[in-house]
Amino acid sequence: MNELGLDVLDLFLIHWPQPMFDQYVETWRAFERLLADGRVSSIGAVQNRGLLENPHILDVARRQGRTPGQVVLRWHI
């Protein structure tokens, strides 16, 4: 945060890029400490792997000639 020039981070998200290490609980507890200490205003977790592998999304992407990521982004728009 020093390098960003911030005292408090508005939102801190984790993506869980390597679930094989099974450090969810430890990571979340660290996030909770940052929140409790007032260093971040909000915490959260995101995970898009399941969505991008969803059979419905894959089918729409195939029919539209798009990637699953493109379909999801368009859906959000």
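This is a predicted model: local features need pLDDT of at least 70, side-chain atom pairs count only at pLDDT 80 or more; totals for chains, interfaces and linings use all residues.
Me: Why is Arg-29 called exposed?
Reply: Arg-29 has a relative accessible area of 51%. Exposed means over 50%. Therefore Arg-29 counts as exposed. Arg-29 lies in helix H1, residues 24–36. Its C-alpha is separated by 13 Å from that of Leu-13, 16 residues apart along the chain.

Me: What makes Asp-10 exposed?
Reply: The relative accessible area of Asp-10 is 60%. The cut-off for exposed is over 50%, so Asp-10 is exposed. Asp-10 sits in strand E1.

Me: Which residues is Asp-10 in contact with, leaving aside neighbours within four places in sequence?
Reply: Ser-41 and Ser-42. Contact means heavy atoms within 4.5 Å. Gly-50 is 27 Å from Asp-10, C-alpha to C-alpha, and 40 residues apart in sequence.

Me: What makes the nonpolar surface patch?
Reply: Leu-11, Leu-13 and Val-46 make it, with an area of about 240 Å². Nonpolar side chains such as Leu and Val are joined within 5 Å. Leu-11 is found in strand E1, residues 9–14.

Me: Why is H3 called roughly perpendicular to H4?
Reply: Helix H3 (residues 55–64) and helix H4 (residues 68–76) pack at an angle of about 100°. Roughly perpendicular covers 65 to 115 degrees. The angle falls in that range, so H3 is roughly perpendicular to H4. Their axes are 8 Å apart.

Me: Which residues make the contact between H3 and H4?
Reply: From H3 come Ile-57, Leu-58, Val-60 and Ala-61. From H4 come Pro-68, Val-71 and Val-72.

Me: Why is Gly-69 called partly exposed?
Reply: Gly-69 has a relative accessible area of 28%. Buried is under 20% and exposed is over 50%. The value lies in between, so Gly-69 is partly exposed. The place of Gly-69 is in helix H4. The C-alpha atoms of Gly-69 and Leu-51 are separated by 9.1 Å, and the two residues are 18 apart along the chain.

Me: How do you know that Arg-62 and Asp-59 meet in a salt bridge?
Reply: Their side chains come to 2.6 Å, N to O. The limit is within 4 Å, from a side-chain nitrogen of Lys or Arg to a carboxyl oxygen of Asp or Glu. Therefore the pair qualifies as a salt bridge.

Me: Why are Arg-62 and Asp-59 separated by about one helical turn?
Reply: Because they are three residues apart in helix H3.

Me: How do you know that Asp-59 and Arg-63 meet in a salt bridge?
Reply: The N to O distance is 3.1 Å. The cut-off is within 4 Å, so Asp-59 and Arg-63 form a salt bridge. Both lie in helix H3, four residues apart, about one turn of the helix.

Me: How many salt bridges does a search of the whole structure find?
Reply: Two. Asp-59, Arg-62 and Arg-63 are linked in a network of salt bridges.

Me: Are Arg-62 and Asp-59 exposed or partly exposed?
Reply: Arg-62 has a relative accessible area of 59%. Exposed is over 50%, so Arg-62 is exposed. Asp-59 has 29%. That lies between 20% and 50%, so Asp-59 is partly exposed.

Note on methods: Residues are numbered from 1 along each chain as its sequence is written. Side-chain values use heavy atoms; hydrogens and water are left out. Patches are made of residues with over 30% relative accessible area and no salt bridge: like charges are joined within 9 Å, nonpolar side chains (Val, Leu, Ile, Met, Phe, Trp, Tyr) within 5 Å. Accessible areas come from the Shrake-Rupley method with a 1.4 Å probe; for residues, only the protein chains shown count as cover. Helices (H or I, at least four residues) and strands (E, at least two) are DSSP runs, numbered from the N terminus. Buried means under 20% relative accessible area, exposed over 50%, partly exposed in between (1.4 Å probe, protein chains only). Axes are lines fitted to C-alpha atoms, for helices over the stretch in contact, and angles run from 0 to 180 degrees between N-to-C directions. Angles under 35 degrees count as roughly parallel, over 145 as roughly antiparallel, 65 to 115 as roughly perpendicular and the rest as oblique.
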